[in-house]
Amino acid sequence: MLRRAVGGYKRGSFSQLWLHRRCIHTNVIDTLRARHFVQAVTSEAITKRVETPIAVYCGVDPTASSLHLGNMVTLMGLLHFSLAGHQAIPLVGNATGSIGDPSGRNTERIALDHKELAKNVAGIEAQLIRFFDRGTQYALSRIPNLDPSSLKPVRVLHNADWYTGLGVLDFLGTVGRHARVGTMMARDSVKSRLQSVHGISFTEFSYQLLQAYDFWHLYHFHKCHVQIGGSDQWGNITAGTDLIHRMHGPQSDKSEAFGLTIPLLTTASGEKFGKSAGNAIWLDETRTSPFDIYQFFVKTADSDVERFLKMFTLLPLPRIAQIIDEHARAPHSFIAQKLLATEVTELIHGPQGVQQALCATQVLFGNRQTLEEHKFTSDDFDAAFRCDQRMVKVASASVVGKSVADIAVLLGSCKSKSEATRLAKGGGLYWNGSVVVDSKWVPSVEKGDFVGDGTVGVVRTGKTNYRLLKLLDS
């Protein structure tokens, strides 16, 4: 079990701190509703229950080594609970991950071997810790009077901790005894699979019992009263609330265990995002770079941008309304999209990630003036393109006195000097965003022809073919 602290909660200060932070809503459920996070709740009594601090959890099965934007939506909901003074528990399903959740799937998941599962668990755990650390830092710069020492520590737990040593007879005797097959068969995730040509295995059919037991365990041992998840998790979540009620007997107040589902991430056109949809945007920068995260959100459709600003940022709602109003008056400026892209990139990758994304954006879509205005350093270019084969590093002595045509061939922008000459004559050869009219021109560090502390030259041929020359000390 791993516990990660992002602060400590001071008793007696909950309501006061809440009012300082939330200028519109005084209840986290109201905040979530206003930001389009609530698809359904098991009981409206949840609104009253969260007026005092409670523990809330959401689970993530390690089916990949990285989280993606679909996971981030649920984690943003959990982050709102954390920032409101509640105990946030992200749960890594290293036990349930070996089974596979049938929700939202037409076929059974491929079983992971122990080595791959362990790798995925390590990757997900590190990302969860990083997400809440960066989320708290991001919140400090967006929410006035937010004191990190007033927050409860976020705890990352693993459900294998309570399944290890639990025998099948013990599980059936405690959990299976309270499960009703008719109810299990009626859940949407099961019905849809039963009607498919592939059917459903007993393993996946039983998954809902495992997730239900997770909720009971957290309820019983960690005083966790709320589970949140995507809307496709409704059946699994209600299986947990039902189990808690049955195992604690008729005298138990059923309203003390709550479920809240969050809409699955889709565009206004209904397009889904995630591994199953084949268009996952990963939170791991080695799989989706800060630049690609930035570009994904800067291309958001006008019909989606307001909703995404509310869900993926912590900007105050009046500020979002103001931005949308400004955007409506000048949609060609993409004010809302640029702000969204900057905010999300900072939340996921920190301020340095924004700098990397802006550097790459200006290199690929800007001109010499914008490159010079941003004053990107040599390190900025290294960070922005460190995993990009378009950056070629060479000793500075090897390019001294070489023409731009020579450099274009060296970088692979052109196959020959004659091709570079033809491009220059046709206005299709660029150096740091400026048109090169003479392919024999020799860029000079001394004359300021390189950017990035005099170490970087950007060659573009045509509209989209970019190469970067990075000079190294000889």
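The following exercises, each with a worked solution, concern a predicted model.

Residues are numbered from 1 along each chain as its sequence is written, and side-chain values use heavy atoms, without hydrogens or water. Local features require pLDDT of at least 70, and side-chain atom pairs count only at pLDDT 80 or more, while totals for chains, interfaces and linings use all residues.

**Exercise 1. Describe how helix α4 packs against helix α5.**

Step 1. Helices (H or I, at least four residues) and strands (E, at least two) are DSSP runs, numbered from the N terminus. Helix α4 spans residues 69-83 and helix α5 spans residues 114-140.

Step 2. The two axes come within 11 Å and cross at roughly 55°. Axes are lines fitted to C-alpha atoms, for helices over the stretch in contact, and angles run from 0 to 180 degrees between N-to-C directions. α4 is therefore oblique to α5; angles under 35 degrees count as roughly parallel, over 145 as roughly antiparallel, 65 to 115 as roughly perpendicular and the rest as oblique.

Step 3. On the α4 side, M72, L75, M76, L78, L79 and L83 meet L128, F131, F132, G135 and A139 of α5; contact means heavy atoms within 4.5 Å.

Step 4. The residues of this contact comprise ten nonpolar, one polar and no charged. Ala, Val, Leu, Ile, Met, Phe, Trp, Tyr, Cys and Pro count as nonpolar, Asp, Glu, Lys and Arg as charged, and the others, Gly among them, as polar.

**Exercise 2. Explain why helix α13 is described as largely enclosed.**

Step 1. Helix α13 covers residues 290-298, and seven of its nine residues are buried, so the rest of the structure largely encloses this helix.

Step 2. The buried residues are P290, F291, I293, Y294, Q295, F297 and V298.

Step 3. The elements covering these buried residues include α4, α14 (302-312) and α16.

Key
Buried < 20%, exposed > 50% of the residue type's maximum accessible area, 1.4 Å probe, protein only.
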